[in-house]
Amino acid sequence: MERTQQIHEGRNIKRFREMLGMKQETLAYELGEDWTQKKISQLEAKEKIEADILEQVAKILKVSPEAIQRFNEEVAINIISSTFHDSASGVNYQCEMTFNPLDKLMEAYEENKKLYERLIEVEREKVAYLETKGKSE
């Protein structure tokens, strides 16, 4: 008898977010003003995510909504383990990368730089607003 396991979309969001090294606060910031770290935590606890929110999150995590809806860790582990034959271990496995890790590192660095610059701009806007508000009082 085949066991069908329900995919937990919230947990998959968490997995993809963690693979990117992204904190809940960062995801909340990217989703907009209405979002907080606590709200992201609640989202990641949900088994099923609303389609519009799933699409927004997927775009931020740079994956398709279907990837979040279909990712199954158990299946992924079975696929990985079935690639090893005759008790071979991962130590002897030759990895052929289809990308340059330095390019990925530089992409991550540039993305972090953009986020930092955006954060600084928001802080400047906040200071300017507070200064104008202080002068009007």
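**Note on the predicted model: helix packing, core and confidence**

1. In this predicted model, the axes of α2 and α4 approach within 10 Å and cross at roughly 115 degrees. The crossing of this pair is right-handed.

2. On the α2 side, the contact is formed by L27, E30 and L31, and on the α4 side by Q56, V57 and I60. Sorted by class, the residues of the α2–α4 contact are four nonpolar, one polar and one charged.

3. Apart from its neighbours within four places in sequence, L31 is in contact with I40, Q56, V57 and I60. Of these partners, Q56, V57 and I60 also belong to the α4 side of the contact with α2.

4. The largest nonpolar core comprises 17 residues, and I13, L27, L31, W35, L43 and V57 are those with the most contacts inside it. At least two residues of this core come from each of α1 (9-19), α2 (24-31), α3 (37-45) and α4 (51-61). The largest share, six residues, is supplied by α4.

5. As to confidence, the average pLDDT of the protein is 82, and 77% of the residues score at least 70. Among the elements, α3 has the highest mean pLDDT (96), whereas helix α6 (residues 73-81) has the lowest (54).

6. The stretch 86-90 calls for caution. Its pLDDT is below 50, and the model gives this stretch two contacts beyond near neighbours in sequence. Where pLDDT is low, predicted coordinates should not be read in detail.

Conventions
Residues are numbered from 1 along each chain as its sequence is written. This is a predicted model: local features need pLDDT of at least 70, side-chain atom pairs count only at pLDDT 80 or more; totals for chains, interfaces and linings use all residues. Side-chain values use heavy atoms; hydrogens and water are left out. A nonpolar core is a set of buried Ala, Val, Leu, Ile, Met, Phe, Trp, Tyr and Cys residues joined through side-chain atoms within 4.5 Å. Buried means under 20% relative accessible area, exposed over 50%, partly exposed in between (1.4 Å probe, protein chains only). Helices (H or I, at least four residues) and strands (E, at least two) are DSSP runs, numbered from the N terminus. Contact means heavy atoms within 4.5 Å. pLDDT is the predictor's confidence in each residue, from 0 to 100. Axes are lines fitted to C-alpha atoms, for helices over the stretch in contact, and angles run from 0 to 180 degrees between N-to-C directions. A crossing is left-handed if the near helix is turned anticlockwise from the far one by less than a right angle, and right-handed if clockwise. Ala, Val, Leu, Ile, Met, Phe, Trp, Tyr, Cys and Pro count as nonpolar, Asp, Glu, Lys and Arg as charged, and the others, Gly among them, as polar.
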